Amino acid sequence: MSSVNGRRKKSQKKLHWWSRGSGIRLRVWMAVNAVLLSALSYGVYAAVTSNAESGGYTGLGSGVSDPGLMNRLKGDNGATIPSKNQFLNPDGVYFGAATVKAPYDARELAGFTTDTGGIQPTMASYFLTWGQKFNPYSITAAYSHGTLPVLTWEPWKGGVQNPRGGTILDTNIVQPEYRLSNIINGRFDSYITSTAKSVAKARMPLVLRFAHEMNGAWYPWSEKVNGNHKGDYVKAWRHVHDLFDKAGATNVIWVWSPNIIRPVPKTELKPLYPGDDYVDWVGMTGYGVHEKSPEITFGPTIKQIQGFTRKKIMIMETGAQIDDEQLSWVNAFFPWLKKNPNVIGFIWMQKDRDTGARANWRFTSSTAEQQAFQSGLAGLDLTTGEPVGASSSTSSRSKP
């Protein structure tokens, strides 16, 4: 009996050491995999970073596996860094997406592309307040996903974007530190110049929408609030633009972007315009709300804008509210776009109240809307971002 107990104890001892050894082996295996994953991640990061210095751009609207992420990032196909000029007058229509994790998350982009029926956006829209440091990786991340980066740069500390009831909170607009006079007088010059230098170093073009919707009264850079005065907005815009030029950030596409005039019909846009020398595109924020067609939504604003400039127009934020007119508006949007060639593209707000928007603007809010969106989008000739007239294997990417 004692010999049996002895063998049992030895077996238990061996089992104990085997289990312990398995734990050690598991930890070693996990450590090795972590090292390999870190090395791979570093390789991708290094490739993305070098993209800003050595090329690698292969056109807009390409998936992460077309012709292969690492090859595209390394520039193995001999592609060069695109110029600002080749984006200013596109060879097709821009289709942008404002999503929660843009421009960083490839998985989110893949899901979005599935929702569109297989058509990948050519722009990635994201936001940055002046209380945040600019991350130059946002530029290379966007290009690595086949999208042109579109940054909305907001001179404020931030606020509640979608208060219940639609009221404008005093904490959103009363921010004395961010008065336009402080921008004009140089209080933020160090931050502006530092950001400009980071953008310049990236070399690849960045679409910059600075201090948007200035004709409204819901941001502290509006001349109607926060102790600002008439004429301050143009002075502030030009000051920021001049600092970017001084820092060598000539790779910026400047977008002056008011809100549509529907909620502020008495505010004239011309006095807020910095001038053609300071603007590349005219942007616009406008959503379909109880309107049957985008002509009703955008038409009056476009008419006013074209009274003082002939710059190309980009719809920087749009979507259709869930109401009785939603489906009619979405069905009419794409034919309207084709009839207005001076409108070179749009960015769809693929967010809802839970993800930072004032309403549910997602085109996936219903099966009928999604089908209408997919059908309309498939009929557009999307830009590739290649020089006009250049032959490219990506020219048919806009169609599934």
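A crossing of two helices is right-handed if the near helix is turned clockwise from the far one by less than a right angle, and left-handed if anticlockwise. In this predicted model, helix H8 passes helix H9 in a right-handed crossing. The contact draws on Asp189, Ile192, Thr193, Thr195, Ala196 and Val199 from H8, and on His239, Val240, Leu243 and Phe244 from H9. Sorted by class, the contact of H8 with H9 holds 6 nonpolar, 3 polar and 1 charged residues.

Handedness is one part of the description. Two packed helices are also described by the angle between their axes and the distance between the axes. H8 covers residues 189-202 and H9 covers residues 232-246; their axes come within 8 Å and cross at roughly 45°.

Helix H10 (residues 294-305) packs on helix H11 (residues 326-339) at an angle of about 45°, with the axes 9 Å apart. This makes H10 oblique to H11. On the H10 side the residues are Pro294, Glu295, Thr297, Phe298 and Ile302, and they meet Trp329, Ala332, Phe333 and Trp336 of H11. The contact of H10 with H11 divides into 7 nonpolar, 1 polar and 1 charged residues.

These pairs belong to a protein with 12 helices and 8 strands. Of its 400 residues, 51% are buried. Among contacts in the protein with a separation of 6 or more, 76% are between residues 24 or more positions apart. The accessible surface of the protein comes to about 18,600 Å², and carbon and sulfur atoms account for 54% of that area.

Most residues other than glycine have a negative phi, and most peptide bonds are trans. Against that background, which residue has a phi near 70°? Arg203 has this positive value and is not a glycine. Arg203 lies in the loop between H8 and strand S4. With a relative accessible area of 43%, Arg203 is partly exposed, because that class runs between the 20% limit for buried and the 50% limit for exposed.

The loop between S4 and H9 contains Asn226, another residue that is not a glycine and has a positive phi, here about 60°. Is Asn226 buried or exposed? At 8% relative accessibility, Asn226 counts as buried, since the class takes values under 20%.

Ser222 also sits in the loop between S4, which spans 206-210, and H9. Its relative accessible area is 1%, so Ser222 is buried. Which residues are in contact with Ser222, leaving aside its neighbours within four places in sequence? They are Met214, Gly216, Ala217 and Asn228.

The bond from Ala102 to Pro103 is cis, with omega near 0°. Pro103 is placed in the loop between strand S1 (94-98) and helix H4 (106-115).

Definitions and conventions. Residues numbered from 1 in each chain as written. Predicted model: local features only at pLDDT ≥ 70, side-chain atom pairs only at ≥ 80, totals over all residues. Heavy atoms only, no water. Axes fitted to C-alpha atoms, helices over the stretch in contact; angles between N-to-C directions. Helix = DSSP H or I, 4+ residues; strand = E, 2+ residues; numbered from the N terminus. Contact = heavy atoms within 4.5 Å. Nonpolar A, V, L, I, M, F, W, Y, C, P; charged D, E, K, R; others polar. Buried < 20%, exposed > 50% of the residue type's maximum accessible area, 1.4 Å probe, protein only. Areas by Shrake-Rupley, 256 points an atom, 1.4 Å probe, with all protein chains shown as cover. Parallel < 35°, antiparallel > 145°, perpendicular 65-115°, else oblique.
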